[in-house]
Amino acid sequence: MKFIDFFIRHQREIVQATVEHIWLVGMAMLIAVAIGVPLGIIASRHPWLSKPILGGANIAETIPSLALFGFLLPVPWLGDRADRLVITALTLYALLPIIRNTTAGIAGVDSAVREAARGMGMTENQILFQVELPLSAPTILAGVRVATVLTIGIATIAAAVGAGGLGEFIFRGLAMVNDQLILAGAIPAAALALLADFGLSLLERRLRPARS
């Protein structure tokens, strides 16, 4: 097949673009988890804050990716480098499923379990870290899985602002009407999304408590 020959000839560039893609998504996900989980905890602890927190994340989710890049471009420091711009945008897109699942996971912990923990003399922080978060970990991880697959897809738009990644092949292929270039970016991106979904779903199932 012509595509296989093309892939072999350009494997170095494709691997490099794949590494760039993974780096952009990985950095965005690390930041999104670091922000989203605490926000989900706050929303679960203070229900009156859940609407503004989830609403803000939902607004970011509904803005088209290229439009969001345009909004962020004039921001000092972010607009100076394309990778910062893309990582920030991907982080904003990843927040909603992480916040939502963290809130739902903690809220879904059986109240009897909390009362038993309080009866043992645990503080609220101890209950959070030793009871609620471990029990809600599968639900939180499900949100991380959704966010990861989402950001892998959106990261292909990073090429539009010069941040690299697999989108470079897709944009070049569209400009040149070259199917081989498009597939050189689309197939690895789809494979990354499938691998991330499969790996995180396995981890999610492992974290789920065994049913008696």
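**Helix packing and the core**

Modeller: Let us start with a pair of helices, where Phe169, Ile170, Arg172, Gly173, Leu174 and Met176 in H8 meet Leu181, Ile182, Ala184, Gly185 and Ala186 in H9, a contact being heavy atoms within 4.5 Å. By class, this contact of H8 with H9 has eight nonpolar, two polar and one charged residues, where Ala, Val, Leu, Ile, Met, Phe, Trp, Tyr, Cys and Pro count as nonpolar, Asp, Glu, Lys and Arg as charged, and the others, Gly among them, as polar. This is a predicted model, in which local features need pLDDT of at least 70 and side-chain atom pairs count only at pLDDT 80 or more, while totals for chains, interfaces and linings use all residues. Residues are numbered from 1 along each chain as its sequence is written, and side-chain values use heavy atoms, with hydrogens and water left out.

Biologist: At what angle do H8 and H9 pack, and how far apart are their axes?

Modeller: Two packed helices are described by the angle between their axes and the distance between the axes. Here helix H8 (residues 167-176) and helix H9 (residues 179-207) pack at an angle of about 160 degrees, with their axes 7 Å apart; the axes are lines fitted to C-alpha atoms over the stretch in contact, and angles run from 0 to 180 degrees between N-to-C directions. That makes H8 roughly antiparallel to H9, a term for angles over 145 degrees. Helices themselves are DSSP runs (H or I, at least four residues), numbered from the N terminus.

Biologist: Which residues have the most contacts inside the largest nonpolar core?

Modeller: A nonpolar core is a set of buried Ala, Val, Leu, Ile, Met, Phe, Trp, Tyr and Cys residues joined through side-chain atoms within 4.5 Å, and buried means under 20% relative accessible area with a 1.4 Å probe, protein chains only. The largest one has 49 residues, and those with the most contacts inside it are Leu24, Met29, Val86, Leu90 and Ile98. The largest share of this core, 12 residues, comes from H5. Leu24 touches, among others beyond four places away in sequence, Asp83, Val86 and Leu90.

Biologist: Is Thr102 buried or exposed?

Modeller: Thr102, which lies in helix H5, is buried, with a relative accessible area of 0%. Not counting residues up to four places away in sequence, Thr102 touches Gly36, Val37, Gly40, Ile41 and Ile140. Thr18, in helix H2, is also buried, with a relative accessible area of 16%.

Methods: Helices (H or I, at least four residues) and strands (E, at least two) are DSSP runs, numbered from the N terminus. Angles under 35 degrees count as roughly parallel, over 145 as roughly antiparallel, 65 to 115 as roughly perpendicular and the rest as oblique. Buried means under 20% relative accessible area, exposed over 50%, partly exposed in between (1.4 Å probe, protein chains only).
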